[in-house]
Amino acid sequence: MSTLIRNGRIITAEQDYIGDLYIEKDKITTIGVNLQTQADKVIDARGKYVIPGGVDVHTHLDMPFGGTVSSDDFETGTRAAAFGGTTCLIDFAIQSKGQKMREALDIWWKKGEKATTDYSLHMIITDLPEAHLEDMNEMVREGLTSFKLFMAYPNVLMVDDATIFRALRQTGQNGALVCMHAENGSVIDLLVQKAVAEGKVAPIYHALTRPTTAEGEAVNRAIALAEMASAPVYIVHLSSADALEKVAEARDKGVPVFAETCPQYLLLSIEDLERPNFEGAKYVFTPPLREKWHQDKLWEGLRKNTLQVVSTDHCPFCFKEQKELGRDSFAKIPNGGPGVENRLQLLFHHGVNKKRITLNRWVELLSTAPAKMFGLYPRKGAISIGSDADIVIWDPNKEHTISAKTHHMNVDYSMFEGFKVKGNVETILLRGETIVDKEKWLGKAGRGQFIKRDTYAGAWK
Ligand code: URP
Ligand code: ZN
Ligand code: ZN
């Protein structure tokens, strides 16, 4: 099977030109102007943008959490991702305490069998005795070249500084990357207990018990631990100016610290947690939404490359029956929000259209940089000869109103309900095969492949 995409405006992290792409089976094999090649299928992309498929490096599909399970599995979640222009995502396998990482990996591989797009996994470490350090090397050999550690959620996922330091020393040697959930969980826990004891149980107290200082402190500590271990560190879902400052300071010193933020921190704010009728619960995730002024700082961080990646932290829980588990106390609301489908459109409309970021930067933040950071590049995140033909054909003029009524995520609300965007997906190719065409689904469960990744060190050599 061969496909020719003609006359599109090809936009990568570095380039912007009108051209043709020739795809043979699953790879891009020729790039040129006015290619005279015959193909089984020809797509006319005149007036459209042609960009590499989005790479979302932070999702939680089919994840047991907060007494329930996230409502998208690998089939519905990857399908929604594809409708939004993301053709590869990295989800999280979770090692339970005392469990071998290998066993956790097998469980998540099974879950991933239904994927409709390509995917990879990070391993969440909850337990790392010295004797089990070799497990991390085994994961790297399996192509899981990143690990997530939590400085928050005591008694659930949180690990102590010694465990973090041990893991960082190991990745300093095996070339993998530690992703850090950086919030001071012990302090937050005390603030939560006090609020609940005082009867302060509404959703807004989720944000008020997780101050920005708790994030800034943890980011600072994570960086210090990484420096002492001579390892890079990647801060996930960075939400506040306090945390951003710590990352900027370290990067100015030349420390290999990287960070992502998410659309919700760029576009929503703490006021959303005060919505009446318990609707604030829809915005309960961690770190929490901040005061509005933090948004400008985060956009600036994206422009200045203090932040290198925009991911979604897609972790959907339905309002009915799942978020409602916390009706009597915010501390019982499952933490997480949906967004895997909206990342490209939100960053295009609020970033590119509003002139906060360039078109090239848009591609870089959503596809190329995450692919490079996590060892997927140039197979993913690129339009180049030999890359996987994961292609988004983007209509910059298509208008759309985001709504739970029309989205494809398996969740009964949208965090961005009613947001109007200009610029949306027209066609999506996954390894040469059209899986979305003008809002029609052509993909199938099981078509996605688990992608073995290179190490961080390997990706940047
Ligand atoms: O609230 C969130 N972010 N839920 C998902 C788990 C995590 O901390 O990333
Ligand atoms: Zn997290
Ligand atoms: Zn997360």
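Student: Which residues of helix 10 are buried?
Tutor: In this predicted model, the buried residues of helix 10 are His-294, Gln-295, Leu-298, Trp-299, Gly-301 and Leu-302. Buried is under 20% relative accessible area, exposed over 50% and partly exposed in between, with a 1.4 Å probe and protein chains only. Helices (H or I, at least four residues) and strands (E, at least two) are DSSP runs numbered from the N terminus.

Student: Why do they line one face of the helix?
Tutor: Looking down the axis of helix 10, the buried residues fall within an arc of 155°, so they line one face. The arc uses directions from the helix axis to the C-beta atoms.

Student: And which exposed residues sit on the face turned away?
Tutor: Asp-296 and Lys-304.

Student: What follows helix 10?
Tutor: Asn-305, with a positive phi near 70°.

Student: Switching to metals: what coordinates the zinc ion (ligand 3)?
Tutor: His-58 (NE2), His-60 (NE2) and Asp-313 (OD), at 1.9 to 2.1 Å. Donors are N, O and S atoms within 2.8 Å of the metal (3.2 Å for Na, K and Ca); water is not among the atoms, so sites may look incomplete.

Student: How are those donor residues spaced in sequence?
Tutor: The pattern is H-x1-H-x252-D. His-58 lies in the loop between strand 6 (54–56) and strand 7 (64–65), while Asp-313 is in the loop between strand 15 (309–310) and helix 11 (343–353). That pair is 255 residues apart and links distant parts of the chain.

Student: Is His-58 buried or exposed?
Tutor: His-58 counts as buried because its relative accessibility is 0%. Asp-313, at 9%, also counts as buried.

Student: How far is the zinc ion (ligand 3) from the zinc ion (ligand 2)?
Tutor: They are 3.8 Å apart.

Terms used:
Residues are numbered from 1 along each chain as its sequence is written. Chains are lettered from A and ligands numbered from 1 in the order in which they are written. This is a predicted model: local features need pLDDT of at least 70, side-chain atom pairs count only at pLDDT 80 or more; totals for chains, interfaces and linings use all residues. Side-chain values use heavy atoms; hydrogens and water are left out.
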